[in-house]
Amino acid sequence: VKRRILVIDDDELVLLSLEELLASAGYEVATAADGRAGLAAAGRQTCDLVLLDVVMPGLNGFDVCRALRALPACRHLPIVMLTAKSAQQDREQGLAAGATLFLAKPIQPEQLLEMIRLVFAATAT
Amino acid sequence: VSRFRKLRVRTRLAVTFAAVLLPLLAAELLAIWSFRRGLTDAAELELTNIVDHLYRVCASQRERARRAGAPADRPRAEDLAYLRDVLGSFQVGRTGYAYVMEADGTLVIHPVLAGRSIRDSRDSDGVRFIERICEDAPRLAAGESGTIRYPWQDEAEGGGAPRMKILKYRWFAPWGWILAAGSYEEEVYGALGRAELYVLPLVLASVVLVAVLTLALSRWITRPLRELSDAAAALAEGQLERRVELPAGDEFGGLARAFNAMAEQIRLKTLELERRVEERTEELRVAQARLVQSMKLRALGDLVAGVAHEINNPLMASTTMLHVLAREAGVDDAALQRRLEVLRRCNERIGRIVSHLRDFSRQSEFEPRPIPLALPLDNALLITGQQLLNHQIELHRELADDLPRVLGDPNTLEQVFLNLIANARDAMERVTGPRILTIRAVPAVLDGGPAVAVSLADSGPGIPEEVREKMFEPFFTTKDVGRGTGLGLSIVYGIVEQHCGRIEVESPPGQGATFRILLPAQPAGGTEPPKEQTP
């Protein structure tokens, strides 16, 4: 069974490239271009992991993360936050909002895939 | 007294001298006057003596006549003859003479006019002076002589101005005679008259002399005061080199010395003050330059952070797509893989630049704490050690045993050393001689507090002056395109600033470049444990 990953990022290029990368790695990928659309997508269709950008117009990554955690279906959903912001404070804020992992952009594709594998491995047990 | 005090010193001195000298002058005049009186009296006494002598001769002749039994109320013929002889022998001055007359003015014994009455004679003022004598003489007390002065013009002597005559007379009661002796005053006072010829001009001269001396003396005494006053005025106008030249010894000499010492003090203090103002101005200039630099850096940091963030997303997308493409193309398609590799390296370089930009702008992530300097330094050396070996660079690491802990952030300080070591490595790349990097740290003082001075000296070609001026500015680079971002030293500068430290560069021609960093350290107590191995 293909694992399903929801990517929420306001940058179209990032969205497209991640979709390609994850698809080529054998995942099923859904995309959303902003926080609101992301929340809607998560509510519409169950997924196994969310890749979430922090800096977005409207709802930002932290808001989306908190909103997702509020959904009963998503309470234990692995959420990987991805951001150009790497400050310790942001990292802590992200983890406080309920993120499973906090990664800094830019990240090497191999590294990202490895991290996702590790998260799945951890949640599987 | 208060008005006296308001006068100028010179005037006061003049008044004082006048007050002393004028009474002296008055005393002198008084002395002259009394001396003159004495002389006059003495001169008159001579006339009186003659008259008295005449009296005694008359008295003794009368006594002789009485003893001879002659009548006592009239002289005998022999008495007259004798008296004529005696009178003739008297010399009174040059032209004076003695004579005898009856109470009615008839001359009894006289060199020329004997037997004639001169009672009606008048002096040149028309006064009948003989008549006066005739009236006065019988009234004189016994032993007393009378005196009369009158102006007289002697036709026999050829006219000319009337001259004063003085006449002494006495009453010889037994015979009813008036005994008289007279002469011109000038002859009587002879010497006195000549003395007066000199005395008056002398007195006048001394008055003038006193006046002149008084003025000159007061000028002379107040001259040093004027000089001091002029010098003080000059000093007040800013002529700090002005000094007073006065002979030492007296009070003015002492005052001049004190004045000169004071002037020298003022000159030195003023110089010192000017020097300090210059120093402070220079410090302010430097501080302002530093402030402007750090403000520029901060503004630039914000801009760069924005740019880095904006580049990050497309870069990540690009890198991700390249990864996907490379995987799908398969290792067999060598040509495609080679082209994709070029693209990947492009992305890598962009990534490196972005990373540098982020380092440059990362100013808020800074938490200073006391750390041993060796921590960030050795971390940096660990990372660059292999590179230094590859470039045949000899490393000398000399950390003093008693280094205090620096107040800093280990990560950012590591960045500083990484940048400086990388620069040294690049600088020595083309050096054919020995390639030596010397890193030395010693305790120092910064802004009055403890500090650590770290220096990194390379044996490269050094840094030209024009580069030194600009090398801390962002995007200034001397490296080939693609090798440097021009941000390394700018980042170093920003980090050192953040640590409230200082960075300076020395590059004497032909002796490589030395970067010296001063970092504030923990006050007394925390010293770095000795750790002297070279990685």
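In what order do the elements of chain A run from the N terminus on? The model examined here is predicted. In it, the elements of chain A run β-α-β-α-β-α-β-α-β-α. Chain A has five helices and five strands. The chain holds 125 residues, and 48% of them count as buried. Its exposed surface comes to about 5900 Å². Carbon and sulfur atoms supply 53% of that area. Contacts between residues at least 6 apart in sequence were also examined in chain A. Of these, 63% join residues at least 24 apart.

Nonpolar cores were considered next. The largest has 51 residues. Those with the most contacts inside this core are B:L373, B:I421, B:L437, B:I439 and B:F515. A second, separate core has 23 residues, among them A:L6, A:I8, A:V50 and A:L52. In the largest core, B:I439 has partners that include B:I421, B:L377, B:L381 and B:L395. B:I439 also touches B:H396, B:R397 and B:E398, as well as B:V454, B:S455 and B:L456. Residues up to four places away in sequence are not counted here.

Two helices of chain B cross. Helix α7 spans residues 251–329, and helix α12 spans residues 488–498. Their axes come within 11 Å and cross at roughly 115°. Angles from 65 to 115 degrees count as roughly perpendicular, so α7(B) is roughly perpendicular to α12(B). The crossing of α7(B) and α12(B) is left-handed. Where the helices meet, α7(B) contributes B:R290, B:Q293, B:S294 and B:L297. The residues of α12(B) that they meet are B:S490, B:Y493, B:G494 and B:E497.

How values were computed: Residues are numbered from 1 along each chain as its sequence is written. Chains are lettered from A and ligands numbered from 1 in the order in which they are written. This is a predicted model: local features need pLDDT of at least 70, side-chain atom pairs count only at pLDDT 80 or more; totals for chains, interfaces and linings use all residues. Side-chain values use heavy atoms; hydrogens and water are left out. Helices (H or I, at least four residues) and strands (E, at least two) are DSSP runs, numbered from the N terminus. Buried means under 20% relative accessible area, exposed over 50%, partly exposed in between (1.4 Å probe, protein chains only). Contact means heavy atoms within 4.5 Å. Accessible areas come from the Shrake-Rupley method with a 1.4 Å probe; for residues, only the protein chains shown count as cover. A nonpolar core is a set of buried Ala, Val, Leu, Ile, Met, Phe, Trp, Tyr and Cys residues joined through side-chain atoms within 4.5 Å. Axes are lines fitted to C-alpha atoms, for helices over the stretch in contact, and angles run from 0 to 180 degrees between N-to-C directions. Angles under 35 degrees count as roughly parallel, over 145 as roughly antiparallel, 65 to 115 as roughly perpendicular and the rest as oblique. A crossing is left-handed if the near helix is turned anticlockwise from the far one by less than a right angle, and right-handed if clockwise.
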